[in-house]
Amino acid sequence: MPDRRRSPTRRITHPALVATTVVGGIAASALAERRHLKALAADDDFKALSAPLSDIVSEHAVLPIESADGTALHAERFGSAQAATTLVLAHGWTEAIPYWGPVIRRLASEELSLVAYDLRGHGHSDLAQDGDYALDRFGEDLAAVLEATGGDPARTAVAGHSLGAMSIAAWAERHEVGDRIGAAAMINTGLSSLLGGALVLGELGSRLAPEWLARGLLGSGRPMLPVSTPLSLAIARHVAFGPDASAGTVAFYERMLMSTDAGVRGAVGITLSGLDVLEAAARIDVPTIVIAGDSDRLTPAVHAERIARALPSLEGLTVLDRTGHMSPLERPDEVASALRKLLTGLRPADSAPAPTEVAG
């Protein structure tokens, strides 16, 4: 007699039941997504970070700049061009000028000209001429920005986050640093062996993952989803932030990440995978501060320690507690305070440089 029992598999694959399950799942996902986006839109941190920066100061100007290879760069000045002191801000990989918003809001004053620029292929800057995203090109971009600011070298400082700080090192390799700036800040960065130090996969994962796999992840040019999801936000938090970052803060960065051209993201990732410019730190012969986060999984504090040892004029090394890779977003008070102190120490214009004391 034939077995008339129906298998569990046949029961759950009935077409009507499958259709109902799929439709129900889509509806539930759509509802969860709407709730997620609605919560982000109402988040106080997200709204504050998304507010226009041009309203911070009475004088705001857009500076069109052309790099050495012809790539058009977008820069913005917050404050008067005649201010006594200039601070140039260089953001990192997959970021843009608004990334510096919390720091700009805390530093803005009549005595300071704040100049922030979008790296090539980021924000409102053009894609690189000939698709060239070698680190030397980022150094040339910084040189073009410094030339355009026109500030007194003795009263000019440069602060770079992540790739922005790497740009400072690339620029220093080919320029006399003290002839153009009086101080520098290296924030959440590394100058060599990035793949070996990254803790995104955890310490064990970093040790076991083959280098080609890590390089493939960095250099991936796959498009990202154009909208935030609970999962994408959780991934961004794990990779880039410390435990105290709010959902609105993470979402603010995620918006910049998603808007970065996928090809640019991949090309820069390949550049970073072979980075080795630690020796250039020895040429940054002006007072320099180094800032790191103790929970940074992309450029752990060991990188900051290496840079600090290589700098000839270290002004100080700070490792921020419970902070990930995004110190200017996660700890803007501490970052702004360190930069303010660095600027206060700039020597007066046209004065002879004081003897350098290396902090150990």
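The chain has 15 helices and eight strands; helices (H or I, at least four residues) and strands (E, at least two) are DSSP runs, numbered from the N terminus. This is a predicted model, so local features need pLDDT of at least 70 and side-chain atom pairs count only at pLDDT 80 or more, while totals for chains, interfaces and linings use all residues. Residues are numbered from 1 along each chain as its sequence is written, and side-chain values use heavy atoms, with hydrogens and water left out.

Of the 360 residues in the chain, 48% are buried. Buried means under 20% relative accessible area, exposed over 50%, and partly exposed in between, with a 1.4 Å probe and protein chains only. The chain exposes about 17200 Å², and carbon and sulfur atoms supply 56% of that; the areas come from the Shrake-Rupley method with a 1.4 Å probe, and for residues only the protein chains shown count as cover. Among contacts with a separation of 6 or more, 80% are between residues 24 or more positions apart. Contact means heavy atoms within 4.5 Å.

Helix 5, residues 135-149, packs against helix 6, residues 163-172, at an angle of about 85°, with the axes 7 Å apart. Axes are lines fitted to C-alpha atoms, for helices over the stretch in contact, and angles run from 0 to 180 degrees between N-to-C directions. That angle makes the two helices roughly perpendicular; the classes are under 35 degrees for roughly parallel, over 145 for roughly antiparallel, 65 to 115 for roughly perpendicular, and oblique for the rest. Helix 5 contributes Leu135, Phe138, Gly139, Leu142, Ala143 and Leu146 to the contact, and helix 6 contributes Leu163, Met166, Ser167, Ile168, Ala170 and Trp171. By class that is 10 nonpolar, two polar and no charged residues. Here Ala, Val, Leu, Ile, Met, Phe, Trp, Tyr, Cys and Pro count as nonpolar, Asp, Glu, Lys and Arg as charged, and the others, Gly among them, as polar.

Buried residues of helix 5 include Leu135, Phe138, Gly139, Leu142 and Leu146, and also Arg137 and Asp141.

Ser232, Leu233, Ala236, Arg237 and Ala240 of helix 10 meet Ala247, Val250, Ala251, Tyr253 and Glu254 of helix 11. By class, this contact has seven nonpolar, one polar and two charged residues.

Last, the loops. Ala96 lies between strand 3 (85-90) and helix 4 (101-107) and is buried at 11% relative accessibility. Beyond four places in sequence, Ala96 touches His91, Asp118, Gly123 and Met256; Met256 is one of the buried residues of helix 11.

Thr94 is in the loop between strand 3 and helix 4. Its phi is positive, about 60°, although Thr94 is not a glycine, and its relative accessible area is 3%. Asn188, in the loop between strand 6 (183-187) and helix 7 (194-197), has a positive phi of about 45°. Asn188 is buried too, at 0%.
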